[in-house]
Amino acid sequence: MGQGNNFKKGLLIGLLTGGALGAAIALLFAPKSGKDLRRDIKEKGEEYLDEAEKYISQAKEKAVDMMNEGKKRSEKLIKDAKDRSDQLMKDAERVYKDAKDKVSDSMKTGKDSIEHKREQIKDAIKAGVDAYKESKNTGE
């Protein structure tokens with residue numbers, strides 16, 4: 001509850017209390033018989049009691065509304081947090097998969113490159129051996 005609501009509540013209680021006291025004092029000093037005075041006090045008391053009950057009923061309804069609103073907000077916050085965490089997990093999985101794919105691609109590229117170099121070296125050695133053999137055969 002905000003400070004304005006507390007002020008309104010205090011003001012209403014003050015008005016009800018002040019009104020009840022003022023009415024009781026006015027009735028006590030009014031020139032009436034005891035029977036009339038008691039009847040007036042009873043009527044005013046019932047009137048103020050009705051007002052107080054109405055105020056309490058409204059306050060309870062507002063409290064229930066505020067609790068329901070608070071519950072809805074907390075449920076929304078929890079849902080939003082869950083949605084965000086789910087999205088973060090998906091993002092983390094995607095980043096991990098992308099990194100794994102890049103490493104895998106790099107390893108494949110490196111393996112292909114090594115295989116290609118090996119083939120080049122093998123071809124160069126074979127060419128060297130063939131050249132040696134040819135030069136040996138022509139030299140004999």
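Me: What counts as a helix or a strand here?
Reply: Helices (H or I, at least four residues) and strands (E, at least two) are DSSP runs, numbered from the N terminus. This is a predicted model in which local features need pLDDT of at least 70 and side-chain atom pairs count only at pLDDT 80 or more, while totals for chains, interfaces and linings use all residues. Residues are numbered from 1 along each chain as its sequence is written, and side-chain values use heavy atoms, with hydrogens and water left out. The protein chain has two helices and zero strands, and both K97 and D101 lie in helix α2, four residues apart, which is about one turn of the helix.

Me: Which residue forms a salt bridge with K97?
Reply: Side chains of opposite charge can pair when their charged atoms come close. A salt bridge is a side-chain nitrogen of Lys or Arg within 4 Å of a carboxyl oxygen of Asp or Glu. K97 pairs in this way with D101, the closest N and O atoms being 3.0 Å apart, and the structure holds seven salt bridges. Another of them joins the side chains of R94 and D91 (3.3 Å, N to O), and these two residues lie three residues apart in helix α2.
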